[in-house]
Amino acid sequence: MNEINHKTVFVLDHTPYFGISCESPFDCDFIKSKVPVPPISKSLWTCAVEASVEYCRIAYDLFPAGKLIRFVVSDTAAHIVNTWNTGTQTLTHILNAMTMVGVPPRQTQASDYSVIHGLRAAIEALAEPTEFQKEQLLAHAKSDNVKLLNRGRVICITSARDDASMKSLEDIFRTVLVQQNTIAGHKDYISIDQCHLVIINLYPANMESMVSNRALIEISPILMSEIHSNKANNISNKLTNLILPHFDLASTTVTGIPMKEEQNASSSANYDVEIFHGRTAHSVFLGTELVLPHSLKEGSDYETVTLKWCTPRSCGSSEMQPCLAQCRVTPVDVTSRPSSCLINFLLSGRSVLLEMPKKSGGKITSHLLSAHGGEIFIHSLNTARSCLEDPPSISEGGGGRVTDYRIKDFGVLMQQHRLVPLKPIPERQPDESLQKMRTKLSRNSRYWPLTLGRTVLYNVRHFIEPLLLLTQKSEMTEDEKMICLKSIYNLSQLEERQESLVLPNMGHRLKGNKKEEQYRLLWSELETIVNYNGSSPNHKAIVSCIRECRRMYPNADGSDPYDKSHGTEGTVPDALRASVIRATTDSPMSPPHSMSGSSGTASSSGTSGSATAGAADSSSSVGAVATSASVGGVVGLLGTRGGVVASKKSFASGGRSLFDALASTERAISQKRIDFSGRLCTPSGQIAKLYSHLGSKDAESAQGRPTDVK
């Protein structure tokens, strides 16, 4: 109960200016009267009172105890409407007091009308201890180490000329707050440790205000302030929007409620009802597969979650379900007919299930509306395995449906992060090793599927076992990086040979056993793990190599996994992408290509000599690796196809990749074939002729010479 919303004070401006019309007329219809009634308009004072009382109603409905609200009316002096006593914390008491206060007087000659009187009284009210704070003071009177935190919020509804007037109002409030803390301890006052000042500037709907909105800022260590400028007819929406962060609330809209028409009982229509409740009812689902359907509330600045009405049930013991959280609810529009019907329906003993969509498609019942003891609650249902069910059997599978847990991998994870006690040393900081282990465990467990059915990568780990082990290090050597890149190349060879991966049932993650889908998920998991394991230059080089491989297998919708929308890191030139495609689709006997202009030709010619020389020694030898002196130098890796490729650029720079090296080697191998003899004998710039000696033989035959026979 030491939160800042434990104590809230409303300061309402009761100066003559608030007696003017808000200039937002509305029509009134009388059933028994045929005389037309002219439109009427509320005053600024009426708008302010209605909005603040509605704010108070929502807080009282959701928090029957612990959240106290006081009202102070300010004109020539401060008028206290209620106290911190729970007997005066009711809407009936507040409305009766507001009736006695009445509408602000007409314009008078008095000059001492000011809202500052009310702000002074609000600070004094915050310094007065509540019943709960008095109990805490008595309980901690014998202990000097425990200090009572006194925090509160002041919401002032007034009207000012411009920003300078607002600044002056804040300065006066800060000065009075400091002065109040200096007399703490006298007259049963306690010091104010933190105060949140919310100033709402109110003006008629047909006017423009010179006061600007300003977000929450810290004026002093004990004072925060924010300013909102609103038309009088929108003050109710503004306070409804402010109460959500003030009391940590959330909005839910129950849609599709079947309700009979008031004028035609034989027909029915679907209605929507918005309710407020604690944010916990939504936040307990964060991190699960459920998707909260957020949407912006029309005419407001806050979001609401839309849940669909399901068939209502009775709330018997057989219908009870395990839930994660429960919160009280209150309707936003308490006077509307749909809200009244829903509340009466729930109070009659019925319960309503609410649906929400899932990431994998379909819907699931996620919430339950039910009444207990005359109060309505929203229950967040447990959508995962319930603790009331039989626990899953890890070894035999007799007690549950899940049997493919990664038991051995979990044992290895525990061994890698095992802690042993160390002898305290003065030079070592306390908990230094513990913090390092926490960091390591957090890094290595950010992506760790619990079951084999939820992963592709760990089902084919025999292909990339070195990469999984070596990338767990925070720093990698050049030799270790070469081993990882070699594993990536071996995996890319499996793709080229169109080999299917032997996988268990992947559930909804893998639709069918398409090889493209298998490798797409495999590359995605591999990139995620390496990204999480480290950020060293060698890790980045490995990630860059994986991304080049992923480009060959787009997303499920056919889009590039590294389009421009993913940032500049994943973008590559078209010529480089063309080289990657040809490196994996061309035949080893294909003729050489001119793919990337002069630079690509130069690099190809620069590597073809060494590749040819290496191939002359042994056509089946595995190529050596040449690295540059720069950090994260390019590495050209060749498998059984052979060849030596030296690289001068970096994977991370987006210049020359692993597939470029492969393409250069393929061209070098294709150039070893004996070229067409006509092209070799024809001078440069001329066209070679096929069967050039055929015409001379015909001429010799015409002269009577015997024809040459070969």
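Residues are numbered from 1 along each chain as its sequence is written, and side-chain values use heavy atoms, with hydrogens and water left out.

Strand β8, residues 249-260, pairs with strand β9, residues 268-278, in the antiparallel sense over ten bridges, where two strands are said to pair if DSSP finds at least two bridges between them. Helices (H or I, at least four residues) and strands (E, at least two) are DSSP runs, numbered from the N terminus. Strand β8 is also joined by four bridges to strand β11, residues 303-309, and these two run parallel; here T255 stands opposite K308 in β11.

In the loop between α6 (235-246) and β8 lies D248, whose phi is near 55°, a positive value in a residue other than glycine. Most residues other than glycine have a negative phi. E23, in the loop between β1 (7-13) and α1 (44-62), likewise has a positive phi, near 60°. D248 has a relative accessible area of 45% and is therefore partly exposed, because buried means under 20% relative accessible area, exposed over 50%, and partly exposed in between, with a 1.4 Å probe and protein chains only. E23 is partly exposed too, with a relative accessible area of 40%.

The charged side chains come next. Side chains of opposite charge can pair when their charged atoms come close, and a search of the whole structure finds 17 salt bridges, each being a side-chain nitrogen of Lys or Arg within 4 Å of a carboxyl oxygen of Asp or Glu. One of them joins R57 to D61, with the closest N and O atoms 2.9 Å apart; because R57 and D61 are four residues apart in helix α1, they are separated by about one helical turn. R57 is buried, at a relative accessible area of 8%, whereas D61 is partly exposed at 33%.

Another salt bridge, at 3.0 Å from N to O, brings together the side chains of E128 and R70. This pair links distant parts of the chain, since E128 is in the loop between α3 (116-127) and α4 (131-139) and R70 is in strand β2, residues 68-74, 58 residues apart. R70 is buried, with a relative accessible area of 4%, while E128 is partly exposed at 29%.

In helix α11, residues 461-470, E465 and R461 lie four residues apart, about one turn of the helix. Salt bridges that share partners join R406, D409, R461 and E465 into one network, and the side chains of E465 and R461 meet at 3.0 Å, N to O.

The protein chain averages a pLDDT of 76, and 72% of the residues score at least 70, pLDDT being the predictor's confidence in each residue, from 0 to 100. Over residues 564-654 the pLDDT is below 50, although this stretch has 152 contacts in the model beyond near neighbours in sequence, a contact meaning heavy atoms within 4.5 Å. Where pLDDT is low, the predicted coordinates should not be read in detail.

Methods. Predicted model: local features only at pLDDT ≥ 70, side-chain atom pairs only at ≥ 80, totals over all residues.
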